[in-house]
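Dear colleague,

Please read them with the model open beside you.

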Amino acid sequence: MQDLQGKTLIITGATRGIGRGIALKMAAAGCHIAFTYASSSKAAETLVAACQKFGVKVKAYQSDAADFESTQKLVEEVLNEFESIDILINNAGITKDNLLMRMSEADFDKVLEVNLKSVYNMTKAVIRPMMKQRKGSIINMSSVVGLKGNAGQANYAASKAGILGFTKSVALELGSRNIRCNAIAPGFIETEMTAQLDEKTVDEWRKAIPLKRGGTPEDVANACLFLASDLSSYVTGQVINVDGGMLT
Ligand code: NAP
């Protein structure tokens, strides 16, 4: 297990699914955890207790990642509480699927705000403290859909493709300050987000995956652990696909 003892992670959207898996994996590696959520206060309390079992400091923050002012305040609060921020994982994301013909402007805007604008908000807030530390790792949750598109997900695909351009630009801007910025493109990971899909679609996804199974939050968390730790100290501006070979 990689040792992240004494480091602090801030992660958005960790009450469920992939974010929860990441928070637990990082806590198991000795990392202190500040995590956000939109509304699931009960799930947040449960996660705090689960992470505390690893003997690390943990705090949950109800904070809308899409709101610029809230995220700047959030990062200030986290810095006061934890003193440093070593790792940022921009994980919060939503879907509002529909064919473009039927996709409302509100649903397009909302997905872009929560999935992409949030990445700008959080990254903008952490880069100053990370520059002072002359070290940091930023990990952005994209998707295979951002690389190949998906019918019924023009808004989601656009947000996830946008994250890739953002990631590579930030990597170029901040490399000289020893701040790394990478993205992960998960494939079909079995969480509440994918539980919304009908059984037929899920079967089709599974058949198309060379490893013949859906991924788990832990599969994605393992890639995060690599990108967060010094094992990846010479890796920046990259996209790691965690998709069972889906895009091969
Ligand atoms: P999920 O189960 O739906 O969980 C989403 C998390 O984001 C929840 O903790 C939710 O908090 C939080 N959230 C939603 N809106 C927020 C906001 N405005 N501000 C702060 N937090 C917010 O999603 P998931 O499947 O774990 O996906 C996590 C990330 O991986 C997303 O970016 C998603 O696009 C990406 N991804 C997922 C898959 C997949 O197959 N599952 C594949 C590729 C990429 P509440 O619980 O309070 O609502």
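A disulfide is counted here as a pair of cysteine sulfur atoms within 2.5 Å. Please keep in mind that the model is a predicted one, and that a search of the whole structure on that criterion finds 0 disulfides.

Two cysteines can be described in detail. The sulfur of Cys-31 has its closest cysteine sulfur in Cys-51, at 9.9 Å, which is too far for a bond, and Cys-31 is buried, with a relative accessible area of 0%. Cys-224 is likewise in no disulfide, since the nearest cysteine sulfur to it, that of Cys-31, is 11 Å away; Cys-224 is buried, its relative accessible area being 0%.

Turning to the strands, there is an open sheet of 7 strands, paired in parallel and arranged in the order E3-E2-E1-E4-E5-E6-E7. Strand E3 (58–62) and strand E7 (239–242) stand at the edges, and because each has a single partner strand, one side of each is left without a neighbour in the sheet. On average, and with direction ignored, neighbouring strands of this sheet are turned by 15° against each other.

Within the sheet, strand E1 (residues 8–11) pairs with strand E2 (residues 32–37) in the parallel sense over 4 bridges, and Ile-11 stands opposite Phe-35 in E2. Elsewhere, helix H6 (residues 154–174) lies across strand E5 (136–141), strand E6 (179–186) and E7, and runs at about 160° to E6.

Technical notes:
Residues numbered from 1 in each chain as written. Predicted model: local features only at pLDDT ≥ 70, side-chain atom pairs only at ≥ 80, totals over all residues. Heavy atoms only, no water. Pairing = 2+ DSSP bridges. Helix = DSSP H or I, 4+ residues; strand = E, 2+ residues; numbered from the N terminus. Axes fitted to C-alpha atoms, helices over the stretch in contact; angles between N-to-C directions. Contact = heavy atoms within 4.5 Å. Buried < 20%, exposed > 50% of the residue type's maximum accessible area, 1.4 Å probe, protein only.
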